[in-house]
Amino acid sequence: MPLSVDLEAPNGRKYTQPTGLFINNEFVPSSSGKTITSIDPATEKAIASVAAANEQDVDKAVQAAKKALHDPAWADLAPTDRGHLMYKLADLVEQNREMLATIEAWDNGKTYADALEGDIVEVVTTFRYYAGWADKVFGQTISTTRQKFAYTIRQPIGVVGQIIPWNYPLGMAAWKLGPALACGNTIVIKAAEQTPLSILVLGTLIKKAGFPPGVVNIINGLGAEAGSPLSQHPLVDKIAFTGSTATAKQIMGAAAKTLKNITLETGGKSPLMVFDDADLEQAAKWAHLGIFSNQGQICTATSRILVQESVYDSFMETFLKTIKTVSKVGSQWETNTYQGPQVSEAQYKRILEYINIGKDEGAKVATGGKTLREDQGGQGFFIAPTVFTDVKPSMRVFKEEIFGPVVTVCRFKTEEEALALANDSTYGLGSSIFTKDMERGHRMAERIEAGMVWINSSQDSDPRIPFGGVKQSGIGRELGEAGLEAYSQIKAVHVNMGSKL
């Protein structure tokens, strides 16, 4: 197969799409010749096919990363200069933001406006944030006795395998590449098979920025054929994964065989609590964004709304009005579209299955609950934003992650009841509290079983603030200074200053 193809996106933008595996700063074919095809979820038409890696290709990429780890071009590069390379990469992403946003919208289904004004901006910010950290990662001296000088060195973990999801392809790549590069690691990163295109274009920018060969290697492929070998490879020192809890369990098991360091960011079923003193208009707007932005395909989506009984009717009236006013479903290229198509046919069918489960369980459909495919000419993976009421905590739609534009709404009477409902989950990623009582806000924030709490907002994310969950929502933290901890390790040095045996 050719190693690149010239494409023209539906918005008229033309660009050259690499299609090979990015190993040692070069695009190469897969050893098997197998490919995976990216599909436009709005039209169900093929965009391009790219090389699919197998175990042999994974080994080539890992070997390249291992060699680069000890090559003076990277190993001896001053941390400040490492940061300069990252700043260059950020500048290149910014210069090519319209092309990258086009690719993200095309094979993911998110709106072009969101990709351009949200995702790509975050990619640039993340790379620049961690570029600044590159020469600020250091150890410490430790006072013991006059006969000993003790200090620590903070060093890279080594070869890192990174597996990113399809909901924010470049955003999640930046979250993982940024701290890993700042700490001096080398990387093999695997994209999701549903969204294989933009990461390869990022590879061209990585090379153009001046990163030495082998520092960043990019592969595409199916999970069983590429992700599993990467998780098990004996030369991989760490695995960082974002995706489903079920897949994370498999990765954790594979990594355990060689005791690899792991960071896992997995599923969620995040609660959003509305108390009777909340600004209901703001609560409704944030609740809408919290579940229906990015087609509901967000791990932290506040997909369980809990409303105090005394304001339930008023909140629901405002919430449903917000959905009707804001949630226009349509092509990702239309400027007034809020919700594009779901990423794939498999995800589309999964969401519709859960909608039917909710109906069968006795939940009431307040709005939506159907496909909108016919409204889009009989093609594309479009689903109406769906709200279930009269939901019981025992229902599957309350307990299980749907990962789509579907939300459940429940009533509560007291703060204690709200907390019990919020914590009634195997997940613990995000959570939201809407109240004007800041004492209550802080009190609830401390008691909620979640890695992140938003008070009077939802889905706030910032590269400077740690991100991650508890329970079955993952292990470890990404972003912020905590993200550096995930990609570095401490070595202790003891220096004898005169003590004799």
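This is a predicted model: local features need pLDDT of at least 70, side-chain atom pairs count only at pLDDT 80 or more; totals for chains, interfaces and linings use all residues.

Residues are numbered from 1 along each chain as its sequence is written, and side-chain values use heavy atoms, with hydrogens and water left out.

Q: What makes the radius of gyration of the protein agree with that of a compact globule?
A: The globule rule, with the radius taken over C-alpha atoms, is 2.2 Å times the number of residues to the power 0.38. For 501 residues a compact globule would have a radius near 23 Å, and the protein has 24 Å, so the two agree.

Q: How many residues of the protein, as a percentage, count as buried?
A: Buried means under 20% relative accessible area, with exposed over 50% and partly exposed in between (1.4 Å probe, protein chains only). By this rule, 56% of the 501 residues count as buried.

Q: Why are S8 and S22 called paired strands?
A: Strands are DSSP runs of E with at least two residues, numbered from the N terminus, and two strands pair if DSSP finds at least two bridges between them. Strand S8 (residues 148–156) and S22 have 9 bridges in the antiparallel sense, so they pair. In one of these bridges, Ala-150 has His-494 in S22 as its partner.

Q: What makes S7 and S22 edge strands?
A: The open sheet of 3 strands has the order S7-S8-S22, with antiparallel pairing. Strand S7 (141–142) and strand S22 (488–496) each pair on one side only, and they are the edge strands.

Terms used
Helices (H or I, at least four residues) and strands (E, at least two) are DSSP runs, numbered from the N terminus.
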